[in-house]
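Please open the structure in a viewer and keep the sequence at hand.

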Amino acid sequence: MQQPEILSLARAAMRPVYDVVVVGSGYGGGIAASRLSRAGQQVCVLERGREVPVGGFPSRMPELRRELQVHSGKKRSGSGTGLYDVRLGSDINVVVGCGLGGGSLINAGVALRPDARVFADAAWPDAIRTDGLLDLGYERAADMLRPSRHAGAPALTKYLALEAASGAFGKPPVTAPVTVSFDDVVNPAGIAQAACTLCGDCCSGCNVGAKNSIAVTYLADAKAHGAEIFTELAVSHVEKLSGGWRVHFRSANDTDETAHVDATTVFLGAGTLGSTEILLRSRECGLKASDRLGMGFSANGDIIAFALGGKNRANAVGVGEPPKFTDDPVGACVAGQIELPDEAELNASMIIQEGTMPSSIAPLLPVFFIAGGRLLGAAQSLIKGVYKGPLAHLQSFFVVSHDDAEGRLVLQNDALEVAWPDVAKQEVYARVDDALTKAAQGVGGLYIKNPLAATNMGARPTTAHPLGGCGMGETAESGTVNHKCQVFAGPTGDETYAGLYVCDGSVMPRSLGCNPLLTISALAERAMVHFARDHNLGFDTEPIRAKAELEPTS
């Protein structure tokens, strides 16, 4: 049984040339690194964030503050390697993860497959629907990430609170599949993982080691198969060479020193914002690309909101490890969800999930909700804290739905920004407001759309599931990449660059209406199959633990 080890190497160990350079280490980048390493390729992974070991995630408010980086145009506050990367825009705010493992480190880990009507949309290339590899991609992603539904979830206090709120819709909740291990296991990458303690701190990083993040799954597997992983290096752009590619990068700690590494093949897996920014800057440096680059940005219909003052105890604040409160287990960040498909109109469908605030943010909650007189019994909350006072009745809602994906990612003064005028007027926001108002009123609570309205976050929409910018298409006229995730080599036609791919949420040509991690992973797995076929390579997907079990013991 192998314990987690440090995956990254010192910068000095980097070679000048590799077969493959993977930029980013989230769901797309991690999968590319794992599968291509198994295929015998010499792989280099570049990640702008740092490696955070199990037990090293923020558990107190001062630690959380140090993990926050806030960008507004070219201005930034906080460390360039902070786990939480907040982009404040004039139209919409975006929150993404920054670290070895990408967003998998700090997301809720909800693994869902979209409504079948999503892939029936003509926005997708025909091959996505017809070559049969999408199902294989989902299967392989699930085998590694192992989403499961917690058998004890329906007995949790916060699940019962969601059940009470579901009366407004006449439809009970169901348990949510999450990438969390609820038993002690040795995972497919050969890494020992402890069972979930139900602390609720998934979104601040799992200090137990139970979360099936990319770091302990695909990246650990990549390392075991020879990949070389480097952190705290921010890629600026890629350059076409006569026989391959040059990847330009600098230290994420803002030094002026720049460097580069060469490869036959480059996979951009830096996330929706990161990969699009790299390609936009590469285009400014002379690389031809589709005119669709930067177009089709979607917020995936995301809303985070709250019901305050309801009659039911919700117990929806994490307790950390070791626990700060032991009277009542919290559960995984998301344990249950209300599924509300609209049979007549796909885009009117939504999923309402109960959510949990991390324990490290608990001291701030009374401040958020006392502002404006929202919280009756404010003194009680300050005295009793969030586990016994009125805030113990605070319900958090995470909603995913659909928008029109008409946002645009642009470079302004060499900084990435989202241009999406009137995004707040999208029908999805009014639709979700109406639904959550009914849910809150049904339990005697007050719907709070945005407790941060008086802060720098403002009243603008905020998404944690940014999609698009390098969307798939049949040709360059309709997309930035093709169905294999190959980058189109100009503004017209179906010619692609040899050896340049994008593999992350940016390739989605529309909203998904569910948490995107499983679909990003499935499309990345599918792209790996095509890459292996196109280059006469092969790789197995056998778990490392299975191989170890077959080896004789001395």
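The model on display is predicted. Begin by selecting strand E17, residues 350–355, together with strand E18, residues 395–400; the two pair in the antiparallel sense over five bridges. Within this pair, select Ile352 and then Val399 of E18, which is its bridge partner.

Six strands form an open sheet in the order E7-E16-E17-E18-E15-E21, and their pairing is antiparallel. Strand E7 (174–175) and strand E21 (446–448) stand at the edges; each has a single partner strand, so one side of each is left without a neighbour in the sheet.

Helix H6 lies across E7, strand E16 (336–340), E17 and E18, and runs at about 65° to E18.

For the last stop, select helix H5 (residues 133–145) and helix H12 (residues 517–534). How do their axes cross? The axes come within 7 Å and cross at roughly 115°. That makes H5 roughly perpendicular to H12. The crossing of these two helices, H5 and H12, is right-handed.

To view the contact itself, show the side chains on both helices. On H5, the contributors include Leu133, Leu134, Tyr138, Arg140 and Leu145. On H12, among them are Leu517, Leu518, Ser521, Glu525, Val529, His530 and Arg533.

Note on methods
Residues are numbered from 1 along each chain as its sequence is written. This is a predicted model: local features need pLDDT of at least 70, side-chain atom pairs count only at pLDDT 80 or more; totals for chains, interfaces and linings use all residues. Side-chain values use heavy atoms; hydrogens and water are left out. Two strands pair if DSSP finds at least two bridges between them. Helices (H or I, at least four residues) and strands (E, at least two) are DSSP runs, numbered from the N terminus. Contact means heavy atoms within 4.5 Å. Axes are lines fitted to C-alpha atoms, for helices over the stretch in contact, and angles run from 0 to 180 degrees between N-to-C directions. Angles under 35 degrees count as roughly parallel, over 145 as roughly antiparallel, 65 to 115 as roughly perpendicular and the rest as oblique. A crossing is left-handed if the near helix is turned anticlockwise from the far one by less than a right angle, and right-handed if clockwise.
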